[in-house]
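Q: I am new to this structure and would like a close look at a single part of it. Please keep the answer plain and connected.

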Amino acid sequence: MPNVKDIISLMQTPPSKEGTELITKAYEFAQKAHKDHKRYSEEPYFTHLVETAKTLAEFGLGPKTISAGLLHDTIEDTKTTGETIEKEFGAEILFLVQGTTKLGKLKYRGVERHTESLRKLFVATSQDIRVLIIKLADRLDNMRTLAHVPKEKQKRIASETLEIYVPLAYRLGVRKLHRELEDLAFMYTYPDEYKKIKEVLKQKGGEILKRLEKLQKSVKKTFAKEKFTAIQTECRIKGLFSLYKKLQRKDMDIEKIYDVAALRIIVPTASDCYQALGIIHGVWRPLPGRIKDYIAFPRPNGYQSLHTTIFTGDGSIFEIQIRTQQMHREAEYGIASHFLYKDGSMKRLFNQNIEWLLQLLPNSKVQEDKSASFKKKGKKPKVPKWVTQLVEEQQSTSLEPQEFIKSLKADFFEHRIFVFTPKGDVVDLPIESSPIDFAYAIHSDIGDHISGTKVNGKLVSLETKLKNGDIVQIDIKEASHPTQKWFNLAKTTLAKRHIKSALQKTAEV
Ligand code: MN
């Protein structure tokens, strides 16, 4: 049986005496509340709560979030009431637990219960991002143990993970979680493709890794010669699902993918990163066009690193990623890692990260509030008033979930999709968006000159309706310009606005 120390020892900052007491209390409470409750695997249900709490501890979250992780299923699955949680653990933990609790089975059924629960999760998340992190830690354990769940349920849970939780983890920059969730979901949603990739890796992976380790040795030697000793190196293999997506674009030929395995170099400071890049390029010739400065230009999810792809000289080509320890931690743990830092710049990143989430919430007010509040540096992102009111109402009057939900005007998941650029950046769009909307979402210069488009490596027409998870590539030509047809195909106001102004300009000439 697990022990409360298993959780505490994983914490990134050792907790205070009160912190330890809180976690211990939550641990004992959850153990008791779920004592008659078993998982599909016949294991005590309590192991699920310990695993969730362990993930949260590893991600650097504090005692309150860890305690909420232990308690997250008490209201949903046991006789415990919200009042009890509040009395024993306080309003903050109650909020976190309620945020992850599904809506009552009696009021809602099937798909409705499911989407309404997701909406509720989002509203709570907009107030406190920790709600979503708990949900993701919860989902991770559910995916790890999915083999025990009845077959007919497996596929549904796995595709939901792939469609909803994987993009969310990506957007929060929690790469560690994103990668594992994605590969687990891949295994259940596309079993044949999964087997195929496994086979490809089995044949070629070992040899690729051997060549990479050889490079790792020469890199270490080179740096030692330069008296640059404060480096750490590691080899990393691409996740299976992201390898699968890439193979689809490269005629299923693994030799055409340069980053199946990459060498990571971790150095103390950002300027060391550039110096390290200089040392690398002094010895190995870089592939033109593949040098990426994500330190000066972080990805939208906050990811920072220098990337370069080099010829090793003996026929191999490898990607090298250079970053500081802090960038590394952020790349692995994303938004969760920011709870560790109290520094102002971290707060800024945090706000950037949550901004997209607020934009997704229904109501145009969000956009207005956003411009006003986010520009004030370091200020906690303002939650739209109507959301705050709804949540407060529900807490103070224990309003029926149905009433609560009724007040929400539109929703998130039924109306949004996540699509990817060929580089893996995520763009979120309304459902049924066209490649035109995608192009304008990236940049108006791209939108204004679309000449063709590929979805998942295949040429498609501009009429194509994009789907969740599509990888979209836009080809541009200077001579290509917006037409009335584009206007009719566009779904987003952003694209429509740009096309309209382009059409008006042409009309004037
Ligand atoms: Mn759970």
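Which residue forms a salt bridge with Lys-54, and how far apart are the closest N and O atoms?

A: The model shown here is predicted. In it, the salt-bridge partner of Lys-54 is Glu-51, and the closest N and O atoms of the two are 3.4 Å apart. That falls inside the cut-off, which asks for a side-chain nitrogen of Lys or Arg within 4 Å of a carboxyl oxygen of Asp or Glu. Side chains of opposite charge can pair when their charged atoms come close.

The two residues belong to one helix. Both Lys-54 and Glu-51 lie in α3, which covers residues 46-58, and they sit 3 residues apart, about one turn of the helix. An α-helix has 3.6 residues a turn, so residues three or four places apart point the same way. As for cover, Lys-54 has a relative accessibility of 23% and therefore counts as partly exposed. Glu-51, at 27% relative accessibility, also counts as partly exposed.

The side chain of Glu-58 meets that of Lys-176, with an N to O distance of 3.8 Å. Glu-58 is in helix α3 while Lys-176 is in helix α11 (residues 175-189), so this pair ties together parts that are 118 residues apart in sequence. Lys-176 is partly exposed, with a relative accessible area of 31%. Glu-58 counts as partly exposed because its relative accessibility is 25%. Elsewhere, salt bridges that share partners join Lys-25, Lys-87 and Glu-88 into one network.

A further pair is Asp-36 with Lys-35, whose closest N and O atoms are 3.8 Å apart. Here both Asp-36 and Lys-35 are exposed. By the rule used, the count of salt bridges in the model comes to 20.

The manganese ion is coordinated by NE2 of His-48, NE2 of His-72, and OD atoms of Asp-73 and Asp-138, at 2.2 to 2.3 Å. Along the chain these donors follow the spacing H-x23-H-D-x64-D. His-72 counts as buried because its relative accessibility is 1%. Asp-138 is buried too, at a relative accessible area of 8%.

There is also a group of like charges. Lys-217, Lys-220, Lys-221 and Lys-225 gather in a surface patch of positive charge. Of these, Lys-217 lies in helix α12, residues 191-225. Lys-217 has a relative accessible area of 63% and is therefore exposed.

Helix α13 (residues 240-249) is mostly covered, with 7 of its 10 residues buried. Among the buried residues of α13 are Lys-245 and Lys-246, along with Leu-240, Phe-241 and Tyr-244. After α13 comes Asp-251, which has a positive phi, near 50°.

Last, Asp-428 is found in strand β7, residues 426-430. Asp-428 counts as buried because its relative accessibility is 17%.

Definitions and conventions: Residues are numbered from 1 along each chain as its sequence is written. This is a predicted model: local features need pLDDT of at least 70, side-chain atom pairs count only at pLDDT 80 or more; totals for chains, interfaces and linings use all residues. Side-chain values use heavy atoms; hydrogens and water are left out. Patches are made of residues with over 30% relative accessible area and no salt bridge: like charges are joined within 9 Å, nonpolar side chains (Val, Leu, Ile, Met, Phe, Trp, Tyr) within 5 Å. Accessible areas come from the Shrake-Rupley method with a 1.4 Å probe; for residues, only the protein chains shown count as cover. Lys and Arg count as positive and Asp and Glu as negative; His and the chain ends are not counted. The place of a charge is taken as NZ of Lys, CZ of Arg, CG of Asp or CD of Glu. Helices (H or I, at least four residues) and strands (E, at least two) are DSSP runs, numbered from the N terminus. Buried means under 20% relative accessible area, exposed over 50%, partly exposed in between (1.4 Å probe, protein chains only). Donors are N, O and S atoms within 2.8 Å of the metal (3.2 Å for Na, K and Ca); water is not among the atoms, so sites may look incomplete.
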